[in-house]
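Here is a short briefing to read alongside the model on your screen.

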Amino acid sequence: MFARISRLEGNPTRIFCFKSLLQYYSSTSTAVPAAALKPQNQFLAEYLINSLGFSKQEAISASNKVKRLNSIEKDFDLVVDFLKKTGLNQSQIKSLVSVTPQVLLSKVDKTLKPKLQILRDIGLSGSDLVKVVMNYRTFFLLGLDNHLKHHVNYLRTVLGSDEKVALALKKYGMLLDHRAPERLASTVSLLQKVGFSDENVVRFIMRNPKRSLVIKPGWIEDILHRVENELGIPRESRMFFYGIEALASVSKSTLEMKLDNLRSFGWPDEEIFQLIRKLPFILNLSVGKVGAALDFYMKELGCTPDYLASRPVFFSFDLERRVKPRVRVLETLNKKKLNTKNTGLDRVLGMPESKFVNNFLLPHKDILPNMYEQYLKSVGQQKAKEL
(Lines give C-alpha, C1' and ligand atoms only; values in the text may rest on other atoms or scores of the structure.)
Protein backbone atom coordinates (compact mmCIF):
# COMPACT_ATOMS: atom_id res chain seq x y z
CA MET A 1 0.00 0.00 0.00
CA PHE A 2 2.79 2.40 0.83
CA ALA A 3 5.58 3.43 -1.46
CA ARG A 4 9.02 4.57 -0.39
CA ILE A 5 9.45 8.31 -0.69
CA SER A 6 13.04 9.33 -0.41
CA ARG A 7 14.87 12.30 -1.88
CA LEU A 8 12.20 13.00 -4.47
CA GLU A 9 14.22 15.69 -6.14
CA GLY A 10 15.95 14.48 -9.28
CA ASN A 11 14.28 11.05 -9.31
CA PRO A 12 11.46 11.00 -11.91
CA THR A 13 10.41 7.44 -11.09
CA ARG A 14 9.89 8.19 -7.39
CA ILE A 15 8.18 11.50 -8.19
CA PHE A 16 5.77 9.64 -10.48
CA CYS A 17 5.10 7.04 -7.75
CA PHE A 18 4.44 9.73 -5.14
CA LYS A 19 2.10 11.66 -7.47
CA SER A 20 0.23 8.46 -8.26
CA LEU A 21 -0.42 7.89 -4.58
CA LEU A 22 -1.70 11.43 -4.17
CA GLN A 23 -3.99 11.04 -7.18
CA TYR A 24 -5.38 7.83 -5.69
CA TYR A 25 -6.17 9.42 -2.33
CA SER A 26 -7.52 12.55 -3.99
CA SER A 27 -9.99 10.44 -5.96
CA THR A 28 -11.22 8.57 -2.88
CA SER A 29 -11.30 11.34 -0.25
CA THR A 30 -11.27 15.07 0.33
CA ALA A 31 -7.85 16.19 -0.86
CA VAL A 32 -5.58 18.32 1.28
CA PRO A 33 -4.45 21.59 -0.36
CA ALA A 34 -0.87 20.85 -1.41
CA ALA A 35 0.22 24.45 -0.88
CA ALA A 36 -0.48 24.12 2.85
CA LEU A 37 1.99 21.26 3.30
CA LYS A 38 5.50 20.22 2.54
CA PRO A 39 5.31 17.77 -0.39
CA GLN A 40 6.56 14.84 1.69
CA ASN A 41 3.86 15.44 4.34
CA GLN A 42 0.94 15.34 1.92
CA PHE A 43 0.67 11.57 2.17
CA LEU A 44 0.58 11.67 5.99
CA ALA A 45 -2.17 14.29 5.96
CA GLU A 46 -4.28 12.17 3.62
CA TYR A 47 -3.88 9.20 5.95
CA LEU A 48 -4.98 11.24 8.97
CA ILE A 49 -8.14 12.31 7.15
CA ASN A 50 -9.05 8.94 5.69
CA SER A 51 -8.12 6.66 8.58
CA LEU A 52 -8.35 8.74 11.77
CA GLY A 53 -11.12 11.20 10.99
CA PHE A 54 -9.05 14.39 10.99
CA SER A 55 -10.45 17.49 9.32
CA LYS A 56 -8.37 19.16 6.63
CA GLN A 57 -7.09 21.80 9.00
CA GLU A 58 -6.36 19.26 11.76
CA ALA A 59 -4.47 17.07 9.31
CA ILE A 60 -2.40 20.01 8.02
CA SER A 61 -1.57 21.15 11.55
CA ALA A 62 -0.57 17.67 12.71
CA SER A 63 1.39 16.78 9.58
CA ASN A 64 3.44 19.95 9.69
CA LYS A 65 4.71 18.91 13.15
CA VAL A 66 6.70 16.19 11.42
CA LYS A 67 9.82 18.09 10.44
CA ARG A 68 11.61 15.36 8.54
CA LEU A 69 9.60 12.74 6.71
CA ASN A 70 12.35 11.48 4.43
CA SER A 71 10.91 8.06 3.85
CA ILE A 72 7.74 6.10 4.26
CA GLU A 73 8.03 2.39 4.03
CA LYS A 74 6.14 1.75 7.24
CA ASP A 75 2.48 0.92 7.43
CA PHE A 76 0.80 3.51 9.67
CA ASP A 77 -1.93 0.96 10.31
CA LEU A 78 0.53 -1.19 12.27
CA VAL A 79 0.96 1.59 14.81
CA VAL A 80 -2.76 2.37 14.95
CA ASP A 81 -3.62 -1.31 15.42
CA PHE A 82 -1.05 -1.56 18.20
CA LEU A 83 -2.54 1.46 19.97
CA LYS A 84 -6.00 -0.08 19.68
CA LYS A 85 -4.77 -3.36 21.14
CA THR A 86 -3.19 -1.39 23.97
CA GLY A 87 -6.65 -0.07 24.83
CA LEU A 88 -6.88 3.35 23.17
CA ASN A 89 -10.14 4.08 21.38
CA GLN A 90 -10.41 5.96 18.08
CA SER A 91 -10.90 9.32 19.77
CA GLN A 92 -7.88 8.82 22.02
CA ILE A 93 -5.69 7.73 19.12
CA LYS A 94 -6.70 10.84 17.19
CA SER A 95 -5.92 13.01 20.22
CA LEU A 96 -2.54 11.35 20.71
CA VAL A 97 -1.57 11.60 17.05
CA SER A 98 -2.69 15.23 16.82
CA VAL A 99 -0.08 16.10 19.46
CA THR A 100 2.62 13.64 18.40
CA PRO A 101 2.05 12.52 14.79
CA GLN A 102 5.64 11.25 14.83
CA VAL A 103 4.33 8.21 16.70
CA LEU A 104 2.99 6.88 13.39
CA LEU A 105 6.56 6.60 12.13
CA SER A 106 7.66 4.50 15.11
CA LYS A 107 8.56 0.83 15.02
CA VAL A 108 6.10 -1.10 17.14
CA ASP A 109 8.40 -3.86 18.40
CA LYS A 110 11.59 -1.82 18.70
CA THR A 111 10.20 1.46 20.06
CA LEU A 112 6.58 1.42 21.25
CA LYS A 113 6.35 -1.90 23.06
CA PRO A 114 9.48 -1.41 25.21
CA LYS A 115 8.23 2.00 26.33
CA LEU A 116 4.86 0.65 27.39
CA GLN A 117 6.61 -2.22 29.13
CA ILE A 118 8.19 0.32 31.51
CA LEU A 119 4.67 1.20 32.69
CA ARG A 120 3.56 -2.42 32.78
CA ASP A 121 6.55 -3.29 34.95
CA ILE A 122 5.27 -0.99 37.71
CA GLY A 123 1.82 -2.56 37.58
CA LEU A 124 -0.07 -0.39 35.11
CA SER A 125 -2.36 -2.10 32.65
CA GLY A 126 -5.63 -1.65 30.80
CA SER A 127 -7.41 1.65 31.33
CA ASP A 128 -4.82 2.77 33.90
CA LEU A 129 -2.01 2.41 31.38
CA VAL A 130 -4.04 4.28 28.77
CA LYS A 131 -4.73 7.04 31.29
CA VAL A 132 -1.02 7.66 31.88
CA VAL A 133 -0.27 7.75 28.15
CA MET A 134 -3.14 10.16 27.50
CA ASN A 135 -2.21 12.36 30.46
CA TYR A 136 1.24 12.82 28.93
CA ARG A 137 0.65 12.53 25.20
CA THR A 138 4.30 12.98 24.25
CA PHE A 139 5.01 9.73 26.10
CA PHE A 140 6.07 7.82 22.99
CA LEU A 141 8.60 10.51 22.06
CA LEU A 142 10.51 10.06 25.33
CA GLY A 143 13.82 8.20 25.25
CA LEU A 144 13.70 4.70 26.69
CA ASP A 145 16.97 4.36 28.61
CA ASN A 146 17.98 7.97 29.16
CA HIS A 147 14.51 9.21 30.10
CA LEU A 148 11.72 6.77 30.92
CA LYS A 149 13.79 4.28 32.88
CA HIS A 150 15.64 7.09 34.64
CA HIS A 151 12.45 8.92 35.63
CA VAL A 152 10.63 5.81 36.83
CA ASN A 153 13.65 4.73 38.87
CA TYR A 154 13.85 8.16 40.46
CA LEU A 155 10.15 8.12 41.35
CA ARG A 156 10.60 4.64 42.82
CA THR A 157 13.45 5.97 44.99
CA VAL A 158 11.37 8.91 46.26
CA LEU A 159 8.01 7.17 46.73
CA GLY A 160 9.30 3.79 47.85
CA SER A 161 7.27 1.35 45.76
CA ASP A 162 6.09 0.59 42.24
CA GLU A 163 2.50 0.76 43.45
CA LYS A 164 2.92 4.37 44.57
CA VAL A 165 4.77 5.30 41.39
CA ALA A 166 1.88 3.90 39.33
CA LEU A 167 -0.70 5.75 41.41
CA ALA A 168 1.23 9.03 41.20
CA LEU A 169 1.52 8.73 37.41
CA LYS A 170 -2.21 8.07 37.11
CA LYS A 171 -2.84 11.28 39.01
CA TYR A 172 -0.32 13.36 37.08
CA GLY A 173 1.47 12.08 33.99
CA MET A 174 3.70 15.17 33.89
CA LEU A 175 5.86 13.44 36.49
CA LEU A 176 7.51 11.99 33.38
CA ASP A 177 8.44 15.46 32.11
CA HIS A 178 12.16 16.01 31.66
CA ARG A 179 12.21 18.68 34.39
CA ALA A 180 10.21 16.64 36.92
CA PRO A 181 13.09 14.95 38.83
CA GLU A 182 14.84 18.26 39.44
CA ARG A 183 11.66 19.96 40.61
CA LEU A 184 10.59 17.03 42.74
CA ALA A 185 14.03 16.84 44.36
CA SER A 186 13.72 20.52 45.26
CA THR A 187 10.33 19.90 46.88
CA VAL A 188 11.61 16.90 48.85
CA SER A 189 14.57 18.91 50.13
CA LEU A 190 12.33 21.82 51.10
CA LEU A 191 9.87 19.63 52.99
CA GLN A 192 12.67 17.85 54.84
CA LYS A 193 14.16 21.19 55.88
CA VAL A 194 10.88 22.25 57.55
CA GLY A 195 10.67 18.98 59.48
CA PHE A 196 8.69 16.56 57.34
CA SER A 197 9.48 12.92 58.00
CA ASP A 198 10.18 10.69 54.99
CA GLU A 199 6.72 9.17 55.42
CA ASN A 200 5.03 12.57 55.39
CA VAL A 201 7.04 13.71 52.37
CA VAL A 202 5.66 10.73 50.44
CA ARG A 203 2.14 11.37 51.68
CA PHE A 204 2.37 15.03 50.68
CA ILE A 205 3.52 14.15 47.16
CA MET A 206 0.94 11.39 46.73
CA ARG A 207 -1.89 13.65 47.83
CA ASN A 208 -1.25 16.05 44.95
CA PRO A 209 1.66 15.15 42.63
CA LYS A 210 1.03 18.19 40.44
CA ARG A 211 1.47 20.56 43.36
CA SER A 212 4.75 18.86 44.24
CA LEU A 213 6.36 20.11 41.03
CA VAL A 214 5.57 23.79 41.58
CA ILE A 215 6.19 24.40 45.29
CA LYS A 216 8.30 27.42 46.16
CA PRO A 217 10.02 28.10 49.52
CA GLY A 218 7.85 31.13 50.27
CA TRP A 219 4.67 29.15 49.72
CA ILE A 220 5.45 26.32 52.14
CA GLU A 221 6.74 28.74 54.77
CA ASP A 222 3.50 30.71 54.54
CA ILE A 223 1.44 27.52 54.94
CA LEU A 224 3.43 26.47 58.02
CA HIS A 225 2.95 29.90 59.58
CA ARG A 226 -0.80 29.86 58.93
CA VAL A 227 -1.28 26.36 60.34
CA GLU A 228 0.36 27.47 63.58
CA ASN A 229 -1.14 30.93 63.85
CA GLU A 230 -4.50 30.81 62.04
CA LEU A 231 -5.54 27.26 62.86
CA GLY A 232 -3.71 27.09 66.17
CA ILE A 233 -2.15 23.68 65.54
CA PRO A 234 1.32 23.44 67.12
CA ARG A 235 4.14 21.81 65.16
CA GLU A 236 4.52 19.00 67.69
CA SER A 237 0.86 18.00 67.24
CA ARG A 238 0.21 14.89 65.17
CA MET A 239 -2.46 16.98 63.41
CA PHE A 240 0.09 19.51 62.15
CA PHE A 241 0.76 17.60 58.93
CA TYR A 242 -2.97 17.30 58.26
CA GLY A 243 -3.31 21.03 58.84
CA ILE A 244 -0.70 21.64 56.15
CA GLU A 245 -2.56 19.31 53.81
CA ALA A 246 -5.83 21.13 54.51
CA LEU A 247 -4.53 24.66 53.96
CA ALA A 248 -2.48 23.63 50.94
CA SER A 249 -5.69 22.56 49.23
CA VAL A 250 -7.79 25.70 49.77
CA SER A 251 -7.32 29.35 48.93
CA LYS A 252 -7.67 32.02 51.59
CA SER A 253 -11.01 33.15 50.15
CA THR A 254 -12.32 29.56 50.13
CA LEU A 255 -11.15 29.07 53.71
CA GLU A 256 -13.06 32.16 54.83
CA MET A 257 -16.15 30.95 53.00
CA LYS A 258 -15.99 27.63 54.83
CA LEU A 259 -15.55 29.34 58.19
CA ASP A 260 -18.55 31.57 57.44
CA ASN A 261 -20.58 28.46 56.64
CA LEU A 262 -19.98 27.15 60.16
CA ARG A 263 -20.70 30.58 61.64
CA SER A 264 -24.04 30.68 59.81
CA PHE A 265 -25.13 27.69 61.92
CA GLY A 266 -24.35 29.60 65.11
CA TRP A 267 -20.86 28.26 65.68
CA PRO A 268 -18.57 30.62 67.63
CA ASP A 269 -14.95 30.77 66.46
CA GLU A 270 -13.81 28.95 69.59
CA GLU A 271 -15.74 25.80 68.63
CA ILE A 272 -14.91 26.20 64.94
CA PHE A 273 -11.17 26.11 65.53
CA GLN A 274 -11.52 23.39 68.14
CA LEU A 275 -13.15 21.28 65.42
CA ILE A 276 -10.48 22.17 62.85
CA ARG A 277 -7.62 21.36 65.24
CA LYS A 278 -9.10 17.91 65.77
CA LEU A 279 -10.14 17.35 62.15
CA PRO A 280 -8.27 19.62 59.68
CA PHE A 281 -9.74 17.47 56.92
CA ILE A 282 -13.06 19.28 57.40
CA LEU A 283 -11.57 22.19 55.44
CA ASN A 284 -11.34 19.89 52.42
CA LEU A 285 -15.04 19.03 52.56
CA SER A 286 -17.38 21.07 50.40
CA VAL A 287 -19.62 23.74 51.91
CA GLY A 288 -22.62 21.72 50.74
CA LYS A 289 -21.48 18.53 52.46
CA VAL A 290 -20.70 20.24 55.76
CA GLY A 291 -23.95 22.19 55.55
CA ALA A 292 -25.98 19.01 55.00
CA ALA A 293 -24.30 17.37 58.00
CA LEU A 294 -24.96 20.40 60.21
CA ASP A 295 -28.58 20.55 59.07
CA PHE A 296 -29.13 16.98 60.16
CA TYR A 297 -27.08 16.93 63.35
CA MET A 298 -28.22 20.31 64.65
CA LYS A 299 -31.71 20.82 63.27
CA GLU A 300 -33.00 17.25 63.34
CA LEU A 301 -31.04 15.75 66.23
CA GLY A 302 -30.54 18.89 68.29
CA CYS A 303 -26.75 18.61 68.59
CA THR A 304 -24.96 21.75 69.79
CA PRO A 305 -21.70 23.21 68.40
CA ASP A 306 -19.71 22.23 71.50
CA TYR A 307 -21.05 18.66 71.32
CA LEU A 308 -20.09 18.33 67.63
CA ALA A 309 -16.75 20.10 68.06
CA SER A 310 -15.73 17.43 70.56
CA ARG A 311 -16.85 14.67 68.16
CA PRO A 312 -15.22 15.63 64.85
CA VAL A 313 -15.46 12.07 63.55
CA PHE A 314 -19.18 12.69 62.91
CA PHE A 315 -18.20 14.75 59.86
CA SER A 316 -16.23 11.88 58.37
CA PHE A 317 -19.20 9.51 58.35
CA ASP A 318 -21.31 9.08 55.23
CA LEU A 319 -24.49 10.99 56.04
CA GLU A 320 -26.82 9.12 53.68
CA ARG A 321 -25.40 5.61 54.00
CA ARG A 322 -24.39 5.49 57.63
CA VAL A 323 -25.67 8.28 59.83
CA LYS A 324 -29.27 8.63 58.69
CA PRO A 325 -29.98 4.89 58.32
CA ARG A 326 -28.71 4.17 61.85
CA VAL A 327 -30.59 7.09 63.37
CA ARG A 328 -33.81 5.93 61.66
CA VAL A 329 -33.34 2.46 63.12
CA LEU A 330 -32.93 3.89 66.63
CA GLU A 331 -35.98 6.12 66.17
CA THR A 332 -38.07 3.11 65.12
CA LEU A 333 -36.88 0.99 68.03
CA ASN A 334 -37.51 3.80 70.51
CA LYS A 335 -40.99 4.34 69.12
CA LYS A 336 -41.77 0.63 69.48
CA LYS A 337 -40.10 0.63 72.91
CA LEU A 338 -37.74 -2.09 71.74
CA ASN A 339 -34.45 -0.29 72.32
CA THR A 340 -33.13 -1.71 75.57
CA LYS A 341 -29.57 -0.52 74.93
CA ASN A 342 -28.81 2.90 76.33
CA THR A 343 -26.12 3.66 73.77
CA GLY A 344 -25.00 7.20 72.92
CA LEU A 345 -25.06 8.57 69.39
CA ASP A 346 -21.28 8.62 69.12
CA ARG A 347 -21.04 4.92 69.96
CA VAL A 348 -23.88 4.01 67.60
CA LEU A 349 -22.35 5.86 64.67
CA GLY A 350 -18.87 4.55 65.40
CA MET A 351 -19.82 0.86 65.56
CA PRO A 352 -18.56 -1.47 62.83
CA GLU A 353 -21.36 -2.36 60.44
CA SER A 354 -21.65 -5.98 61.56
CA LYS A 355 -21.84 -5.01 65.23
CA PHE A 356 -24.61 -2.47 64.61
CA VAL A 357 -26.63 -5.02 62.66
CA ASN A 358 -26.15 -7.71 65.32
CA ASN A 359 -27.09 -5.35 68.16
CA PHE A 360 -29.95 -3.36 66.68
CA LEU A 361 -31.36 -5.11 63.63
CA LEU A 362 -31.13 -8.90 63.82
CA PRO A 363 -32.82 -9.19 67.24
CA HIS A 364 -35.91 -7.51 65.75
CA LYS A 365 -35.78 -8.83 62.20
CA ASP A 366 -38.84 -11.05 62.59
CA ILE A 367 -40.90 -8.36 64.30
CA LEU A 368 -39.80 -5.51 62.03
CA PRO A 369 -38.79 -7.07 58.70
CA ASN A 370 -39.41 -3.83 56.79
CA MET A 371 -36.97 -1.94 59.00
CA TYR A 372 -34.28 -4.53 58.26
CA GLU A 373 -34.86 -4.48 54.50
CA GLN A 374 -34.99 -0.69 54.37
CA TYR A 375 -31.71 -0.46 56.24
CA LEU A 376 -29.98 -2.79 53.78
CA LYS A 377 -31.23 -0.67 50.88
CA SER A 378 -30.03 2.52 52.56
CA VAL A 379 -26.49 1.37 53.28
CA GLY A 380 -25.93 0.20 49.72
CA GLN A 381 -25.61 -3.10 47.94
CA GLN A 382 -21.92 -3.59 48.67
CA LYS A 383 -22.32 -3.15 52.43
CA ALA A 384 -25.39 -5.40 52.41
CA LYS A 385 -23.35 -8.19 50.77
CA GLU A 386 -20.77 -7.99 53.54
CA LEU A 387 -23.34 -8.59 56.27
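In this predicted model, the axes of helix α10 (residues 180–193) and helix α11 (residues 198–207) cross at roughly 135° and come within 10 Å. The crossing of α10 past α11 is right-handed.

**Where α10 and α11 meet**
- On the α10 side, the residues that take part are Leu184, Val188, Leu191 and Gln192.
- Their partners in α11 are Asp198, Val201, Phe204 and Ile205.

**A second pair: α5 and α7**
- Two packed helices are described by the angle between their axes and the distance between the axes.
- For helix α5 (residues 90–99) and α7, the angle is about 30° and the axes are 10 Å apart.
- Angles under 35 degrees count as roughly parallel, and α5 and α7 are therefore described that way.
- The contact involves Gln92, Ser95 and Leu96 of α5, together with Val130, Val133 and Met134 of α7.
- This crossing of α5 and α7 is left-handed.

**Helix α6, its bend and its cover**
- Helix α6 (residues 108–121) has 14 residues, and at 1.5 Å a residue it should span 20 Å; the C-alpha atoms at its ends are 18 Å apart, which agrees.
- Where does α6 bend? The bend is at Pro114, and it amounts to about 25°.
- The buried residues of α6 are Val108, Leu112, Lys115, Leu116, Ile118 and Leu119. Note that a lysine, Lys115, is on that list.
- Among the elements that cover these buried residues are α4 (76–86), α7 (126–135), α8 (144–159) and α9 (162–171).
- Just after α6 comes Gly123, with a positive phi of about 100°.

- Buried or exposed: which is Ile276? Its relative accessibility is 0%, so Ile276 counts as buried.
- Ile272 is also buried, with a relative accessible area of 0%.
- Leaving out residues up to four places away in sequence, Ile276 touches Leu231, Ile233, Leu259, Ile282 and Leu283.
- With neighbours within four places in sequence set aside, Ile272 is in contact with Leu259, Leu262, Arg263 and Trp267.
- Ile276 and Gly243 are 33 residues apart along the chain, and their C-alpha atoms are separated by 8.3 Å.
- For Ile272 and Pro305, 33 residues apart along the chain, the C-alpha separation is 8.2 Å.

**Lys337 in a loop**
- Lys337 lies in the loop between α19 (319–335) and α20 (345–350).
- Although Lys337 is not a glycine, it has a positive phi of about 55°.
- With 76% relative accessibility, Lys337 counts as exposed, since the cut-off for that class is over 50%.

**The protein as a whole**
- How many helices and strands are there in the protein? There are 23 helices and zero strands.
- The protein has 387 residues, of which 44% count as buried.
- Of the contacts with a separation of 6 or more, 66% are between residues 24 or more positions apart.

Conventions
Residues numbered from 1 in each chain as written. Predicted model: local features only at pLDDT ≥ 70, side-chain atom pairs only at ≥ 80, totals over all residues. Heavy atoms only, no water. Helix = DSSP H or I, 4+ residues; strand = E, 2+ residues; numbered from the N terminus. Expected span 1.5 Å × (residues − 1). Bend = angle between axes of the 7 residues up to and from the residue. Buried < 20%, exposed > 50% of the residue type's maximum accessible area, 1.4 Å probe, protein only. Contact = heavy atoms within 4.5 Å. Axes fitted to C-alpha atoms, helices over the stretch in contact; angles between N-to-C directions. Parallel < 35°, antiparallel > 145°, perpendicular 65-115°, else oblique. Left-handed = near helix turned anticlockwise from the far one by under 90°.
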